[in-house]
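Here is a friendly walk through one protein model, from a pocket to its rings and on to its strands. Please keep the structure open beside you as you read.

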Amino acid sequence: MPPGFFPGGPVFGSWIARRKVAAQQETAQGGAAEKRKTREKAEKKRDAKQEAKESLHVRADELELAGLTKKVIYRERVFARVPFAFCFLGAVASGVLAASIEPSDPQTAAVRSMLVFLMVFFFFLLVNFSTLSIRITFKDIVVRFGLFNFQVGWEDVSGMDSVRERDGAKNLYGIRMRTLPGGYWRIIYSAGLPRVILKLKEGAIRELAFTTMAPEKVLTVAAECKRRKEIQAAKKNVR
């Protein structure tokens, strides 16, 4: 019998038509769901990028909690060539002379002991005063010559400046103290010029001067750290 004359043809024909329509609807819905998932993924990525950007701008009162106060944001090591050469030659000369002396009598034994002491002394200077290191965090600044360091919190800094050779500054080396008007002191960690000077609010030492090969960068970083500390202190006072 021809298909057109099959008694169940109209029933199965409408059922097949409904299945085709349902399949088309499912395909359309599947495409819409896929588009929705793609759109949601894109929105999540956009939100994640926005959160990452916002996380870079941490408020000053959140620095302590975020652990950024202890993060080193600037570090520099300045090699002091002149002290290194002087101490190295002194240590070598003292050691060679001490090794060449035979302690045949108390006088030569005393001379040899003195030379050994000078060798140890020059070696100590060589180790501690050959390199000046600077470490800056949002909390403080630490300037170090070997075992000797000076630490200043940004809340204690009132101002800052820089000096160069053209300003008349002396190109000396090591740790020195200089008197200031009013009976105060300036402590200088010097490995040459140029130097940055931090002015302190209180205490017998009112200025810290130290050598840096990038004074403009150090002043910029110091000004930002000081600004953040002032904002943090102002918000604490408001509370």
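Let us begin with the second largest pocket, whose lining consists of Val 78, Phe 79, Ala 80, Arg 81, Val 82, Glu 165, Asn 171, Tyr 173, Ala 191, Gly 192, Leu 193 and Met 213. Strand 1 (72-79) and helix 3 (81-100) are the elements that give two or more residues to this lining. The volume of the second largest pocket is about 180 Å³. By type, its lining residues divide into 8 nonpolar, 2 polar and 2 charged. Here Ala, Val, Leu, Ile, Met, Phe, Trp, Tyr, Cys and Pro count as nonpolar, Asp, Glu, Lys and Arg as charged, and the others, Gly among them, as polar.

A pocket is defined on a 1 Å grid over the protein atoms alone, as an open set of points where a 1.4 Å probe fits, with protein on both sides within 12 Å along at least five of seven lines; lining residues have an atom within 4 Å of a point. Grid points are joined across faces, edges and corners, and the volume is the space filled by probe spheres set on the points.

A word on the source: this is a predicted model, in which local features need pLDDT of at least 70, side-chain atom pairs count only at pLDDT 80 or more, and totals for chains, interfaces and linings use all residues. Residues are numbered from 1 along each chain as its sequence is written, and side-chain values use heavy atoms, with hydrogens and water left out.

**The overall layout**

The chain has 5 helices and 9 strands, arranged along the sequence as α-α-β-α-α-β-β-β-β-β-β-β-β-α. Helices (H or I, at least four residues) and strands (E, at least two) are DSSP runs, numbered from the N terminus. Of the 239 residues, 30% count as buried; buried means under 20% relative accessible area, exposed over 50%, and partly exposed in between (1.4 Å probe, protein chains only).

**Aromatic rings**

How many aromatic pairs does a search of the whole structure find? The search finds 9. Rings of Phe, Tyr and Trp (its six-membered ring) pair if their centres lie within 6.5 Å; planes under 30 degrees apart count as stacked, over 60 as edge-to-face and the rest as tilted.

One of these pairs, Phe 84 with Phe 88, is stacked, at 6.0 Å centre to centre and 10° between the planes. These two residues are 4 apart in helix 3, so about one helical turn separates them. Phe 84 is partly exposed at 32% relative accessible area, and Phe 88 is partly exposed at 42%.

Phe 129 and Phe 145 form a tilted pair, because their ring centres are 5.3 Å apart and their planes stand at 45°. Phe 129 lies in the loop between helix 4 (106-128) and strand 2 (131-137), while Phe 145 belongs to strand 3 (residues 140-145), so the pair ties together parts 16 residues apart in sequence. Both Phe 129 and Phe 145 are buried. Ring pairs also join Phe 124, Phe 129, Phe 145, Phe 148 and Tyr 189 into a cluster.

**Contacts across the sequence**

| Pair | Apart in sequence | C-alpha to C-alpha |
|---|---|---|
| Glu 224 and Trp 154 | 70 residues | 9.9 Å |
| Lys 139 and Trp 154 | 15 residues | 6.3 Å |
| Leu 208 and Ile 187 | 21 residues | 5.2 Å |
| Arg 206 and Asp 156 | 50 residues | 9.8 Å |

Glu 224 is in helix 5 (residues 215-238) and is partly exposed at 27% relative accessibility. Lys 139 sits in the loop between strand 2 and strand 3, partly exposed at 40%.

Strand 9 (residues 205-211) holds Leu 208, which is buried at 0% relative accessibility. Arg 206 is also placed in strand 9, and is partly exposed at 22%. The charged end of Arg 206 sits over the ring of Tyr 184, 4.1 Å from its centre; this requires NZ of Lys or CZ of Arg within 6 Å of the ring centre and within 35 degrees of the ring normal.

**Cysteines and a cis bond**

The structure holds 0 disulfides, a disulfide being a pair of cysteine sulfur atoms within 2.5 Å. Cys 87 is buried at 5% relative accessibility, and Cys 225 is buried at 1%.

Most peptide bonds are trans. The bond from Leu 193 to Pro 194 is cis, with omega near 0°. Pro 194 lies in the loop between strand 7 (184-191) and strand 8 (195-200), and Leu 193 is among the residues lining the second largest pocket.
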